Structure formats: structure tokens, C-alpha cells
Amino acid sequence: DDIMYIESRRMNVRIVCCHGTEHSIRKKLDEVQEELSGCRFLRCNRSYIVNMDYITDADEDFTMENGDRIPIRKRYFDYMMKN
């Protein structure tokens, strides 16, 4: 519930939590995605997974509650606009 988004750079994964804390692990983002439970997590591009509960705005990017902007892959953006 505390995870706001997850960012991957190569094998380094940064987990950003809603209370301002961050954690780093060495794993592939695909492995982390498999471990997440629930349907609230969306892989919005090859480097990010977002918790949809913490999105405040969506246009060309997701704006998260903490103000961070996460790029949306065009395919996901088109899907959101249809639904």
C-alpha cells in the first residue's frame, strides 16, 4: 500500500514510497512486477511501475502525489483515453 512507484535503471530498482522513503534493490523490473499483488500497479513504460492509487493527473505523463512526473508509453496513454 505504501509503494507510490518503482523505477528501474539497468539492474538497480528504486522503490518510492508515499511517506517520502525510498528503497533500492538489485533486481530486474520484470521480477519486481511478478512479486506485486493486486491490480493497482501499472507498468506504464519499460522503466516504471506506478501505483494508480497515487496518480493525481494523467496527460502525456502521470503526475504522482509527490509531484514526480512519470512518462507514459503511447500504447498505455491511448488505452487510458479509450477507457
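Predicted model: local features only at pLDDT ≥ 70, side-chain atom pairs only at ≥ 80, totals over all residues.
## Basis of the model

Local features are given at pLDDT of at least 70 and side-chain atom pairs at pLDDT 80 or more, while totals for chains, interfaces and linings use all residues. Residues are numbered from 1 along each chain as its sequence is written, and side-chain values use heavy atoms, with hydrogens and water left out.

## The five-stranded sheet

An open sheet is built from five strands in the order β3-β2-β1-β5-β4, with antiparallel pairing. Strands are DSSP runs (E, at least two residues), numbered from the N terminus, and two of them pair if DSSP finds at least two bridges between them. Strands of a sheet pair through backbone hydrogen bonds, either parallel or antiparallel.

The edges of this sheet are β3 (22–26) and β4 (41–45); each has a single partner strand, so one side of each is left without a neighbour in the sheet. On average, neighbouring strands are turned by 20° against each other, direction ignored; the axes are lines fitted to C-alpha atoms, and angles run from 0 to 180 degrees between N-to-C directions. Within the sheet, β1 (residues 3–9) pairs with β2 (residues 12–17) in the antiparallel sense over six bridges. Ile-6 stands opposite Ile-15 in β2.

## The three-stranded sheet

Three strands form an open sheet in the order β6-β7-β8, and the pairing is antiparallel. Here β6 and β8 (69–71) stand at the edges with a single partner strand each, so one side of each is left without a neighbour in the sheet. Neighbouring strands of this sheet are turned by 25° against each other on average, direction ignored.

Strands β6 (residues 55–58) and β7 (residues 61–64) pair over three bridges in the antiparallel sense, and they form a hairpin with two residues between them. In this pair, Ile-55 stands opposite Met-64 in β7. Three antiparallel bridges also pair β7 and β8, where Asp-61 stands opposite Pro-71 in β8.

## Nonpolar cores

A nonpolar core is a set of buried Ala, Val, Leu, Ile, Met, Phe, Trp, Tyr and Cys residues joined through side-chain atoms within 4.5 Å. Buried means under 20% relative accessible area, exposed over 50%, and partly exposed in between (1.4 Å probe, protein chains only). The largest core has twelve residues, among them Met-4, Tyr-5, Leu-42, Cys-44, Phe-62 and Met-64. Two or more residues each come from β1, β4, β5 (48–51) and β7.

Leaving aside neighbours within four places in sequence, Met-64 is in contact (heavy atoms within 4.5 Å) with residues including Met-4, Tyr-5, Val-50, Tyr-54 and Ile-70. A second, separate core of nine residues includes Cys-17, Val-32, Leu-36 and Phe-41.

## Two arginine residues

Arg-14 lies in strand β2 and counts as partly exposed at 25% relative accessibility. Its side chain makes polar contacts with the side chains of Tyr-5 at 3.3 Å and Glu-22 at 3.0 Å. A polar contact is a pair of N or O atoms within 3.5 Å; within protein, one must be able to donate a hydrogen and the other to accept it, and residues adjacent in sequence count only if both atoms are side-chain atoms. The C-alpha atoms of Arg-14 and Ile-25 are separated by 6.7 Å, although these residues are eleven apart along the chain.

Arg-43 is in strand β4 and, at 17% relative accessibility, counts as buried. A polar contact of 2.8 Å joins its side chain to that of Gln-33. A polar atom of the Arg-43 side chain also lies 3.1 Å from the backbone oxygen of Arg-46.

How values were computed
Helix = DSSP H or I, 4+ residues; strand = E, 2+ residues; numbered from the N terminus.
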